[in-house]
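I opened my notebook to record what I looked up in this structure. The entries follow in the order in which I made them.

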Amino acid sequence: MNILEKIIARKQIEISESKKHKSVSALENESLFSRKTISLATALRSASSPQIISEFKRKSPSKGIINDQVLPENVTSDYVNAGAVGLSVLTDTDFFGGSFDDFLKARQANPGIPMLRKDFIVDEYQLYEAKSIGADIILLIAACLKPSEIAALSQKAHQLGLEVLLEVHNAEELEQSIGDHIDIVGVNNRNLKTFETSIETSVSLSELIPASFVKISESGLKDADTIVKLYQHGYKGFLIGETFMKTANPGAALADLQQDLTQHSNLNPLVL
Ligand SMILES: O=C(O)c1ccccc1NCC(=O)[C@H](O)[C@H](O)COP(=O)(O)O
């Protein structure tokens, strides 16, 4: 089994346990469920410079513990103050050390910013969970869902007012899974078999993504030069976790990157 298969196998068990403990109606009765969601796609579409989606990530299968010394409410507030366009908070516990509690603390501290529930969504029930904790956007990973499942989960997500980020790793996943039901396309630079990251994945897929989609690049992003290069290939957003989280002050690391981006002389996107 590769890592994604292991995560999904565990996730299925977790979902069936969660369903026993909390019904969909109970999730619908949570106070945040009726909250009006905020669009990340709109914020990205209207931006005229590279935008950072900053991730709260305690650990990962590729790196082990990244940072177990910081609090989600502090880090995410610092991210927002440093100019993040959106927040991504891991809610997977077993592989990433995240939780609903982390998400709720981040949401409570930052009521006015789009937040991605970063998890492995394979069941409609998880969309109700996402809505109940105050998420605005959910992730659908093409590598672990059939195109028909992506379409059905997207439709339900939209009914609940959630946006959909489709994550792809290659051209085949992109061609099979993309459709009008997708709000944002994310290209993940991490090879899930080797864990290596290569921004060439984002570069090569950029021209295959129709211009009508807002696109973001995910994983292994470390510096302004790389972000500007990808911005020139049409990426509007950049999902960054480890580069910030591995420092003692993740918010300050984002502020430094923003400063580097501001000073960058080469910010015009390529006309593709
Ligand atoms: O991060 C991992 O090791 C990982 C392993 C298996 C599946 C997913 C994984 N990461 C999820 C992500 O997509 C990243 O957390 C996100 O793109 C941020 O990446 P990074 O900036 O490299 O932390």
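**Core.** Of its 69 residues, Ala84, Ile138, Leu140, Leu166 and Phe238 touch the most other members. Strand 6 (residues 137–141) gives the largest share of this core, 5 residues. I counted a residue as buried if 20 or more other C-beta atoms, placed from the backbone, lie within 10 Å of its own. I noted that nonpolar side chains tend to be buried together in soluble globular proteins.

**Basis.** This is a predicted model, in which local features need pLDDT of at least 70 and side-chain atom pairs count only at pLDDT 80 or more, while totals for chains, interfaces and linings use all residues. Residues are numbered from 1 along each chain as its sequence is written.

**Helix 10.** Helices (H or I, at least four residues) and strands (E, at least two) are DSSP runs, numbered from the N terminus. In helix 10 (residues 224–232), I found Ala224, Ile227, Leu230 and Tyr231 buried. Seen down the helix axis, the buried residues fall within an arc of 130° (taken from the directions from the axis to the C-beta atoms), so they line one face of helix 10. Just after helix 10, glycine 234 has a positive phi of about 100°.

**Ligand.** I listed 19 residues around the ligand, of which Ser60, Ser62, Glu218, Gly241 and Glu242 come nearest; a residue counts if its C-beta atom, placed from the backbone, lies within 6 Å. Strand 10 and helix 11 (242–245) each supply at least two residues of this shell.

Methods
A residue is buried if 20 or more other C-beta atoms lie within 10 Å of its own, exposed if 12 or fewer, and partly exposed in between; C-beta atoms are placed from the backbone. A nonpolar core is a set of buried Ala, Val, Leu, Ile, Met, Phe, Trp, Tyr and Cys residues joined through C-beta atoms within 7 Å.
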